[in-house]
Amino acid sequence: MDIVEGDLAEAVGERAVPAGEVVREPHPSDSLRTFGAVVQALREHAGLSREEFARLVQFSKHTVESVELGRRMPDEAFVERGEEATGNTGALRRSARFLTRGDVGLAAWFRRWARLEREAVSLCTYECRLVPGLLQSEAYARAVFLGTIPLRTDEELDAQLTARMERQAMVRERPKVPFSFIVEEHVFRRRFGDAEVMRGLFDHVLERTAPRNVTLQVVPLDAGLHPCLDGPVRILETPAGQRIGYSEGQENGRLISDRKEVSLLCQRYDTLRSQALSPKDSRGLLERLRGEL
């Protein structure tokens with residue numbers, strides 16, 4: 001059974017609402033839509049039309065509509081005047097603290113998983129296609145995005161690259177969270193540039209997997225067949241102790257919460273972990289590959 005809206009609590013950011021900013025959001029977040037629904041409910045409870053409410057908050061009717069539909073980030077003045085117009089309940093001020101922008105640069109099907117990642121107490125990743133996003137060098141990530149179809153504009157590429165590099169920060173910033181990566185050897189042998197950029201990739205991966213809470217194991221070419229050949233696997237544990245799985249294919253991704261299905265993924269991952277090279281031998285292999293360039 002896949003996770004549907006409301007099944008899991010999503011990670012809520014703490015980014016402040018910038019004053020004077022009321023711009024259309026290219027990717028409305030759930031918090032924006034929720035805030036908009038609260039604005040509309042309070043406005044209607046106060047018996048105000050959009051036109052009347054717009055005059056009170058000193059914004060256009062169009063802006064009020066966009067905020068209520070979750071299409072615009074309200075600024076501080078909108079929140080404060082909205083409070084006054086709806087009876088100073090405090091609901092708008094409190095809910096505005098949790099407003100976050102949409103996950104620009106992330107594929108639509110990946111955003112929910114990315115939010116769960118931020119709060120996970122452990123994360124396991126098996127990859128057979130690419131270097132995992134949390135370990136990619138900037139040059140590698142850019143090469144991946146440049147090779148995608150349909151083609152992206154320069155602005156879209158920059159947004160994707162920024163989002164990927166920002167995701168990597170959680171590995172550095174959460175030293176008590178265990179991160180486990182199992183990657184096929186052929187992934188690291190795939191060339192994407194000259195020797196210099198390839199060495200840069202190996203240096204980046206070795207640096208990112210050096211901390212004690214990060215483990216990298218490589219599945220050698222001669223390992224033969226193994227239980228995870230159906231495709232990439234990601235498994236995380238939530239603060240509540242629930243394990244969630246994620247699988248991804250062409251233009252889609254699927255969150256998995258069914259206990260039996262997640263248990264099966266965990267069994268496959270644990271079996272592969274015993275068949276892959278040890279972390280020490282895996283680092284040695286990457287260092288040898290780097291030296292061969």
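In which sense do strand β1 (residues 122–127) and strand β2 (residues 179–184) pair, and over how many bridges?

Author: They pair in the parallel sense, over five bridges. First, the ground rules. This is a predicted model, where local features need pLDDT of at least 70 and side-chain atom pairs count only at pLDDT 80 or more, while totals for chains, interfaces and linings use all residues. Residues are numbered from 1 along each chain as its sequence is written, and side-chain values use heavy atoms, with hydrogens and water left out. Helices (H or I, at least four residues) and strands (E, at least two) are DSSP runs, numbered from the N terminus. Two strands pair if DSSP finds at least two bridges between them.

Now the details of β1. Tyr126 stands opposite Ile182 in β2. β1 also pairs with β4, in the antiparallel sense and over five bridges. There, Cys124 is opposite Ile235 in β4.

These strands belong to an open sheet of six, in the order β3-β2-β1-β4-β5-β6, with mixed pairing. The edges are β3 (214–219) and β6 (252–256); each has a single partner strand, so one side of each is left without a neighbour in the sheet. From one strand to the next, the twist averages 15 degrees.

Helix α11 (residues 259–275) packs on this sheet, touching β1, β2, β3, β4 (233–237), β5 (243–249) and β6. Its direction makes about 70 degrees with that of β2. Contact means heavy atoms within 4.5 Å. Axes are lines fitted to C-alpha atoms, for helices over the stretch in contact, and angles run from 0 to 180 degrees between N-to-C directions.

Back to β1. Six of its six residues are buried (under 20% relative accessible area, with over 50% exposed and partly exposed in between; 1.4 Å probe, protein chains only). So β1 is largely enclosed by the rest of the structure. In a regular strand the side chains alternate between the two faces of the sheet. Here Ser122, Cys124 and Tyr126 point one way from β1. Leu123, Thr125 and Glu127 point the other way.

Helix α6 (residues 111–119) also belongs in this picture. Seven of its nine residues are buried. They are Arg111, Arg112, Trp113, Ala114, Arg115, Leu116 and Glu117. These buried residues pack against α1 (30–45), β1, α8, β4, β5 and β6.

That brings in α8 (residues 154–173), which packs with α7 (residues 138–146) at an angle of about 140 degrees, with axes 10 Å apart. That makes α7 oblique to α8. The cut-offs: under 35 degrees counts as roughly parallel, over 145 as roughly antiparallel, 65 to 115 as roughly perpendicular, and the rest as oblique.

On the α7 side, the contact is made by Glu138, Ala141, Arg142, Phe145 and Leu146. α8 brings Leu157, Asp158, Gln160, Leu161, Arg164 and Met165. By class, that contact has six nonpolar, one polar and four charged residues. Ala, Val, Leu, Ile, Met, Phe, Trp, Tyr, Cys and Pro count as nonpolar, Asp, Glu, Lys and Arg as charged, and the others, Gly among them, as polar.
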